[in-house]
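Hello,

Here is the structure I promised to pass on to you.

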Amino acid sequence: MPIYLPSAFCAGVLLSFALPAAPPFWLFAVWASCAVPILRRFPRTAVFVLLTCAGTAYGVWRTEQALSARWPLERQGEAVEMTVRAAGLAQDDGRRVRLEAEAETSGGRRYRVQLSDYQRREWPAGSVWRLKLKMRPPIGEENIGGFSREAWALANGIDASATAGAERQLLANSENGFSDGLLCLRGHIRSSWQRLPPEVADGAALMRALSIGEQDALSGGWWQVFRPLGLNHLISVSGLHVSMVALLAAWLMKRLLLLLPAAPRRPRIWMLVAGAAAALFYSGLAGFAVPTLRSMLMIASVAAAWSLGGTASAWRGWWSALALILLLDPSAALAAGSWLSFGLVAALLWADSCRTGDGKAWWISALRGQWAATLASLPAVGFLFSALPTASPLANAAAIPWFSWLLVPLALTASLFPFYPLQYAAAWLGQHTLHVLAVMAQFAPEWGLAAAPWPLLLSALAAVAVWLLPRGAALRPWAAVVLAGFLLYRPAPPKEGRLKMVVLDVGQGLAVYFQTASHHLLFDTGTAGAAQMQTLPALHAHGVRRLDTLLLSHHDTDHDGGAPLIIRALKPREVPSSRELVATTHRS
């Protein structure tokens with residue numbers, strides 16, 4: 001299949017999310033009719049236009065369907081009696097129990113909800129209950145930078161957030177044999193890790209995150225450690241870990257076949273089957289999470305195409321996998337993990353296609369791949385997270401093999417064979433890994449990136465592509481200038497005598513940013529979680545490198561919970577509290 005066919009469809013789906021509003025569908029007919037006059041003379045161009053139009057219409061249609069299936073905004077906060085099935089592992093954070101659940105009304109309308117139970121009760125995997133839920137649409141924090149709750153909910157199929165009522169009635173212990181059996185297996189694995197003593201509790205939580213994808217097992221403090229090192233992608237069942245497990249299974253199958261007295265006629269097929277089975281099983285242990293399935297599909301498509309026809313076929317596999325994922329779920333375009341996974345593979349393919357057959361040693365190829373991934377991550381990470389962990393290349397170069405080739409296989413082995421000494425040794429190793437990372441994070445600065453305009457972002461992506469071309473390319477000085485402009489860009493401050501005020505969306509709490517021509521002030525920070533996911537990325541996106549003043553109204557987690565993070569990251573010159581300001585005013 002020609003590459004321009006899936007690429008046209010993908011471009012159309014992406015365009016659907018860039019539209020400011022859903023257009024009437026007769027406009028798509030007008031758009032498609034524009035391709036008819038050029039169909040005879042330029043058939044490829046006409047087909048590209050038609051497929052782009054079809055992709056845009058499809059993306060708009062599917063997104064409208066997903067939005068209409070959500071809990072309606074006008075019924076926010078309404079308490080409704082529902083039948084609820086626990087469809088995920090319950091996680092107790094000390095304040096509430098959270099889990100994903102399937103809720104059905106008396107009229108048969110179904111919703112996938114993120115359920116919170118502030119009474120912290122048990123929710124066995126697959127159990128079915130009758131109770132009242134206070135339902136809310138999955139809308140929330142939205143800033144120029146940082147985590148977008150609505151986009152996350154749409155990309156993960158969450159139709160509502162809900163709070164469990166006080167009374168509930170058990171209807172059944174299990175409803176779906178396969179999915180509930182998988183949930184029970186994951187629950188047993190989690191319980192086996194939870195029996196370990198407190199001195200290795202964080203290491204056991206890391207093993208749970210790496211084996212069954214239970215990222216919430218690690219406290220929020222550890223995620224602040226991973227962020228400046230750029231290692232968040234390693235603390236999950238990511239596409240990288242799935243592919244490494246598949247490669248390990250294929251290598252083990254190869255070793256096994258060599259021991260046989262008579263090798264099979266097509267050993268590669270046996271290796272591919274072993275790798276695919278291992279990847280499928282690992283994804284199942286992670287609960288077949290949507291990001292994991294996307295990564296697994298992309299890796300399988302690219303690997304299969306590459307094995308059949310080299311880099312050119314791998315590009316077809318890459319585009320085909322992207323088109324298939326967007327066909328199955330257009331909202332994947334909103335998931336940052338999808339683009340980081342696809343972008344990483346694209347960078348490796350681009351760097352390899354420009355140097356096919358150069359005969360370099362494997363370690364030189366590995367360094368070149370690391371350089372390509374690092375360079376490609378500059379515009380992607382900067383755009384998605386408004387920050388660039390400067391220590392990420394070195395940290396990932398050491399951490400990727402440590403996690404993928406040691407911790408992940410050890411976590412899987414100790415989960416499937418839960419002998420106490422083996423699990424304790426794995427948790428002990430995980431505990432010390434976390435402590436080493438915590439020490440490294442203290443010396444790992446972050447470079448805050450302002451939200452660049454679209455022309456500069458697209459130019460930065462083009463500059464990365466140019467830089468990865470062979471050394472004969474004469475445009476590297478231009479690429480260096482563009483990338484420097486992207487990294488150093490800052491929006492113009494307000495004119496003298498003018499004030500810019502931005503009320504940051506931090507959910508329950510407050511954070512307001514003030515900027516004059518020469519001064520940056522932040523009033524309150526929101527909670528610790530909001531500061532990490534919203535306040536700090538939003539300030540970076542607005543071009544703040546350092547605060548002049550951090551003003552805290554009063555001591556409350558909703559107002560000053562994120563102060564330690566903001567102080568450590570932006571180093572404000574002064575941090576007065578409201579009481580100090582009142583006292584100063586009275587004295588004057």
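**What I found**

The protein exposes about 29600 Å², of which carbon and sulfur atoms supply 65%; accessible areas come from the Shrake-Rupley method with a 1.4 Å probe, and for residues only the protein chains shown count as cover.

A word on the source before more detail. This is a predicted model, so local features need pLDDT of at least 70 and side-chain atom pairs count only at pLDDT 80 or more, while totals for chains, interfaces and linings use all residues. Residues are numbered from 1 along each chain as its sequence is written, and side-chain values use heavy atoms, with hydrogens and water left out.

Now the overall picture. The protein has 20 helices and 12 strands (DSSP runs numbered from the N terminus: H or I of at least four residues for helices, E of at least two for strands). Its C-alpha trace spans about 90 × 60 × 55 Å along the principal axes.

Of the 588 residues, 45% count as buried, meaning under 20% relative accessible area, with exposed over 50% and partly exposed in between (1.4 Å probe, protein chains only). Among contacts with a separation of 6 or more, 72% are between residues 24 or more positions apart; contact means heavy atoms within 4.5 Å.

Just after α6, Gly213 takes a positive phi of about 70 degrees.

Two other residues have a positive phi without being glycines. Arg120 has a phi of about 55 degrees and is found in the loop between β4 (110–117) and β5 (128–136). At 43% relative accessibility, Arg120 counts as partly exposed. Lys571 has a positive phi of about 45 degrees, and its place is in the loop between α19 (563–570) and α20 (578–587).

Happy exploring!
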